[in-house]
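Open the model in your viewer and keep the selection tool ready.

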Amino acid sequence: MGTILRLTDGSTTVNFVYNKNSNPGYLIPRDAWAPVISRLRRSTLGGRSPYEDVIEEISVMVLGATGAQLLTNLATLTSLVDQAVQWTQGDRISPVKLEFQANGSLLLNPTSALILGRADGDETSGVSLKIGFNDDLKCFATTIRLRLWRRGQWLGATDSSIISSSANISNVQSTTFPLTATVLSPTTLSLLITGFSNSTTTTMNGTLLYAASTSELIVVEAETLAASKFVLTADATTKARGSQYLRYTPTTTAGDTSSPVDLLGLISTTKLIGVYALVRNNSASVSYQVRANATLGSLMGTGTPPTVNGQYTTVDGTSTSPQVVNLGTLASPGGFARLSLTVIASATGSSLDIDYLVIVALDAKTSGVINLQNVVFSMGASNSSATLAISDRSLTDLTPAVTLAVGTTTNYVTYTDDVYILTKGQTLVAMLMAPAGANFRMANSSGTIVSTQLSATRRIAYLTPGQ
Amino acid sequence: MALSTILYDAPGGNLLYDFSGLAEELECSTNGHGFRDCAFWLPSPIRQSLRVYDRPGLPWLVTSWKGQTVWEGRLNRASLTDTDLKLQALGAWSAYRDTLYTAFWSTTSVTDFEQVETTQVANRKPKLYTMDLNTRIFIGLTKNSAYGTSADVGEYYLDTPHSGSRAFQQVTFAYNVDLPTGWVAALNYYTSSGFGGAAVAWSVTSAGAPLSGVNVTVSIPAGVTIGFYIYNNSGATTTYTGENGAKFARWTDVRVQSTTASVTADNIIKDLRSAVAAINPTLVASDTSLIQAPAVDLPDELYLDQRPADIMNRLAGIGDSQTPPRQWEIAVWEGRRLAFRPQGSAGRTWYVDVDRLDIERSLDELANSVYALYRDTAGDDVRTAASTDAASVAQYGLTRQEMVSARTSNSTLALTQRNAQLQDRKTVKPSTRVPIQALYDGYGARYPLFYARANDTIIIRNIPSHLSATIDRIRSFRLAETTYRAHTDSLDGVPEVPLSSVAFLLGRIDSHIPI
């Protein structure tokens, strides 16, 4: 494969690889350019590539059989750069990409990087250029220096995973990519949710958790923490996971601690976990302070491992419906072995139900948590499914987006947290904690729990597009 | 690490803008009142900036990380140029600076009582009586005055503040009544201004012999005015021939309250929260489970046109009933919930390594002998005995006195404030500004930097503890403020009680700390 280097919006293209017959308008002198290699951002803000935007400097000869042709070619190049600037400013036009493929690359298609605008010193505007006749090329020529801001990563072809099998909502599901990404790659995660009843509306406030493997995202049934005052309770009506939940009924306001449960299946090398619980406060006037406690793992050495306590989270009486509660973050120098809960009630006379806990390893850029607010599944007369998508939009927009599509209608979803999902390797796992109304899990009007299937599409990223 | 910073149209509302991928130089700060402010800028053409600038309502900014709130608050300031937009948000504590609060809670002073004049109520005849408020409410008969039956009343009254939010609900007192037979001593309450809606809450009728009582508690079903009074109910006009004041009614140990419950800081704070919520309901959470009880009775609390934040700051400074009393904190963190609790009780302890210290130490803020000044129920200035901490005197080689002005007429409460002030000021706290590179817990587990907050404790673990006798006060301190900078992933911590004045600089620890 020969070298490809071009600026394009998908319709207009400026090709910098000279060909006397097919592309006589532009030329990059030999050895005049090599792509800049980006580095990881120091900033901790997400919402975009974790790699720094870079300035790409390309010295370009603009050519023309006549002076007028040269100026036309120059104008085409300038217009494309202007278009990139306008797109960044929010104009309703196509983005401009720099596409590159090195000579001898094994990739089937060139890689792309979004152009964000001009950097200082760019000569596509505001300078007076000298136009002369080039005897070697037998045409008019001028040399300009392009200095453009671009996204740091080169993004290759899309890599679509195999859709997972269908399972009841609020299960950890796994999807596998055909290829392995060696660099953190922007990913669109899609969750197909099926089984809704026609002509119904369901509102969900849920939490999506994702990670790179099933050992980084585990579910713990709360019933396994049963102890005095924490009683396993059968659930016949509100769609609890496993048809049962743990009910805490305080007899004092001093607080109580559940039995610990082994964190089977949790990766032993994680040093930072987030704990999320699906709970229901059965009183509008009693508040509960809930805390996760973790016994540190066997990597801590011999003897009795210590226990670390998280911060208390308040579950107040604002809602008596099931809700997802973040019980905070726990850190360990050597893994985690067991987990328990401590609950303090502001008054006796009521109870707190806990359906299940989700533990996610947070010390990786390939794991994350996204809270979804007021997601309305509005099914038409012929609709029974919806697709929730967290889209990276890495080559089409400055920011990612979360959408819900039902039939031909797509709406944006309100969320919190970073929704620019990154993956490496071949696996993505995810789980949607999805209480709705009085139910711990979303169900249709017949009471059947809806199902989900996980899939993903990513742009394989490269730091150097030379592969 | 991937923070998000997102603007919503209201707390828990719809997403307006996700600034995560666009924001530059994001800084999030905390202080003793919770989330303090958050600021950043982003490149933005003017037409996009104006969509934020012009937006009605009060947008809510949330910075979060993997499902956890790092900072949240309301959009306070938007400033734009033709190329940039700068935004600043304030934490939810700012809601307690938006409104004013006027309310009576309790008084043990009689100096605010006034005589009811004839122009106010036609049958009130103060000129017929000998009356004074000299540490008591005293109404006595005057020699050679004629008192008509059921007329010619002598009365002292007390009003709630005009447009105040609370009404009188309870009066306690001791009484001594020595009046002619048939005379009545009573307590009225009035349910509307101008002495309207009068009703008798308590009364005694003299049979000729003196009457007395202590710890009398009378419930008032919501009065805007109360009045202690006497009158002739014998059935016939009486001319009093005795000496002035020899026949009288006297009320002492008077306490008037706008609640039948305890007048404590937590009850006042809950009412303040309710008052703010009534005006700006979206800015405060209804849950009060984080408001704890310091168990200190507050006998004299009257608020006139004050900011709730100022009132709560003062209440937090009173301390609690523990020995020694603890300072309390008042703050708003996640979910707009108001928290009132012993300072640092919810804080975490972090272990950090530093490679640079700037330390100030000065005796300016030292106070190891403290007395309180308060005004008693008679209106006289009273100074409590000084409480001196001998260990502090020995440590610093001097006795440094301070007076704390206690806004109370109660000697017990004045002592409580004295003790709290001594506890807080008897030890010199060095001032440093500490750049923190990494945050660890006691087991050496590392946490993201933005987990450190005001009222957390920092222990600098790479300052050896054997360097000096006072080194612990440098290596360990409570944070008064934190500022996290996302663009450099760095944290600055400011210890509590930062000092001003002349400073000396300690350079690199391994070569400059004197032993």
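**A short tour**

This is a predicted model: local features need pLDDT of at least 70, side-chain atom pairs count only at pLDDT 80 or more, and totals for chains, interfaces and linings use all residues. Residues are numbered from 1 along each chain as its sequence is written, chains are lettered from A and ligands numbered from 1 in the order in which they are written, and side-chain values use heavy atoms, leaving out hydrogens and water.

Select chain A. Its C-alpha trace spans about 95 × 60 × 35 Å along the principal axes. Its secondary structure comes to 1 helix and 31 strands (DSSP runs, numbered from the N terminus: helices are H or I with at least four residues, strands E with at least two). Of its 467 residues, 55% count as buried (under 20% relative accessible area; exposed is over 50%, partly exposed in between; 1.4 Å probe, protein chains only).

Go to chain B and select V171(B). This residue lies in strand β14, residues 168-178. Is V171(B) buried or exposed? V171(B) counts as buried, because its relative accessibility is 0%. V171(B) and L187(B) are 16 residues apart in sequence, and 9.2 Å apart in space, C-alpha to C-alpha.

Next, pick Y53(B). Y53(B) sits in helix α1 of chain B, residues 46-53. Its relative accessibility is 46%, so Y53(B) counts as partly exposed.

Last stop: select residues 265-279 and 308-318 of chain B, helices α2 and α3. Their axes are 10 Å apart, and the helices pack at an angle of about 165° (axes are lines fitted to C-alpha atoms, for helices over the stretch in contact; angles run from 0 to 180 degrees between N-to-C directions). Therefore α2(B) and α3(B) are roughly antiparallel to each other (angles over 145 degrees; under 35 is roughly parallel, 65 to 115 roughly perpendicular, the rest oblique).
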